[in-house]
Amino acid sequence: MHAKVEQVVSGTPFCHFIGGEFVGSSGGRMFDTLSPATGEVYAQVHEAGREEVDAAVEAARAALAGPWGSMAVQQRVALLYELADGINARFDDFVEAECLDTGKPWSLARHVDIPRGAANFKIFADIIKNVPAESFMTDTPDGAGALNYALRVPKGVVGVICPWNLPLLLMTWKVGPALACGNAVVVKPSEETPATATLLGEVMNSVGIPAGVYNVVHGFGPDSAGEFLTRHPGVDAITFTGEVVTGTEIMKAAAVGLRAVSFELGGKNAGVVFADCDMDRTIEDAMRSVFANCGQVCLGTERVYVERPVFDEFVDRLRLGAENLATGRPELATTTLGPMISRQQREKVLSYYDKAREEGAEIITGGGVPQVPGELGGGFWVEPTIWTGLPESSPVNREEIFGPCCHVQPFDDEAEAVAMANDTPYGLATSIWTGDASRAHRVAAAIEVGITWVNCWFLRDLRTPFGGSKQSGIGREGGVHSLEFYTEMRNVCLKL
Ligand code: NAD
Ligand code: 6OD
């Protein structure tokens, strides 16, 4: 066990969190979790079997039948505020835990992951507090009338299946609204990133969230905790963030018992740069959208279309930016690029680097593995990479790579750019950079994605609908849209 982990997350190895207690697996099954920055095992984790998943679902159900189920909304809201404050009170612990698990630079976790982890509780506490009730006065033949009003009730036990790229942020993005709406949850964090979900259990207890409201079971997907949870008949709804193929499996599991699903899936997002853009700002945004979190962001840009007159300038400036990124120890302020999450993910990304080379891409920069000295030598590093010259039909341009890389392609007019941006089975996000507001509106309306950013990237207002079109997802979360998923409406008709 890494010395730091013992200070940050109590309980070694990492335990499940069930019914307010940290518990191990009955058979003692464990798996290793690695530090992506060094490639070394840094902790062990209990792997849940059916028994632990059953216990977690039972604990969640018991919580709904207990004080949590009858708690006044104001009290729930107050607890969610305390939870957010509890995360902030242990801010540095969360940063360390997240960075041990992912290898991402501390600066990123400090500015994005952990603040959003806390904000996800406050925003949905505010939304549930202010949601209007729906009611209608109805005419009746006798003239007396009737009052129709809708009750908003929790769905029940929600299964939350999480990915590894933004572990706390994406988990609380689901747990926040689920709890605000009065549900109880069973979370299955990614096997790659068990730490912050476990740590959150400590905060839940410290602020007095009733036992069983938040449960965590660790493990893998198929024939492990993920599958046991999504197939469990005691789970009323499933919210999932991850790959399309996994979503397909989870949808089959959810079909049994006709459980509702909300899916946030992969992307192959386009960035469109028009010649009239503010190039300084565009390069700054494009650098983030391609390389932030080492390209492991579902909203990241892997295809960039640039209007021909500024193509060379854009490519050259993006290259300069990429070459200035610095790998290094996550805690150093000078580190701006972390590793891939795992050896497997690194192999996947490098296979696209090979493919691009074989297909004759012009490699603007990168394309390999950087020299990283010392204890980081065993980490899962790859070079930030930019290509041009590949056809749109290349797998490099069609498949989600999820690495620090992009292909840049020139275009000659707006219609061509829109057609290329839309030529994908995915539909998650697009960024447009232009100085022409009319063009921005026109292009945004024509692009088939859930989110279009104009002259920015990953600028989030948590009240807005969030989700993917085409194969990038099912449903929308965010603001009142989350309430639609995490609650059920029941109508009452009262004859006057
Ligand atoms: P993944 O699909 O491999 O795994 C996600 C989770 O599903 C993990 O917890 C895993 O253990 C679990 N799982 C795997 N198989 C399962 C099964 N059969 N039943 C139940 N659970 C199962 O995804 P990942 O590699 O962790 O994350 C990267 C992917 O997630 C990328 O495709 C990325 O685009 C996508 N993603 C999308 C969004 C979004 O908002 N649209 C956000 C983040 C990540
Ligand atoms: O910001 C969010 O709410 C969100 N779901 C971001 C997803 C990022 C994907 O990696």
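Modeller: Helices (H or I, at least four residues) and strands (E, at least two) are DSSP runs, numbered from the N terminus. By that count the chain holds 17 helices and 22 strands. Its radius of gyration, taken over C-alpha atoms, is 23 Å. The globule rule, 2.2 Å times the number of residues to the power 0.38, also gives 23 Å for 496 residues, so the chain is as compact as a globular protein of that length.

The model is predicted: local features need pLDDT of at least 70, side-chain atom pairs count only at pLDDT 80 or more, and totals for chains, interfaces and linings use all residues. Residues are numbered from 1 along each chain as its sequence is written, chains are lettered from A and ligands numbered from 1 in the order written, and side-chain values use heavy atoms, without hydrogens and water.

Of the 496 residues, 58% are buried. Buried means under 20% relative accessible area, exposed over 50%, partly exposed in between (1.4 Å probe, protein chains only).

Now the close look. Helix 5 covers residues 91–102, twelve in number. From first C-alpha to last it reaches 17 Å, close to the expected 16 Å. That expected span is 1.5 Å times one less than the number of residues. Ten of the twelve residues are buried, so helix 5 is largely enclosed by the rest of the structure. Among the buried residues are Phe91, Phe94, Val95 and Leu100. Charged types are buried there too: Glu96, Glu98 and Asp101. Just after helix 5 comes Gly103, with a positive phi of about 75°.
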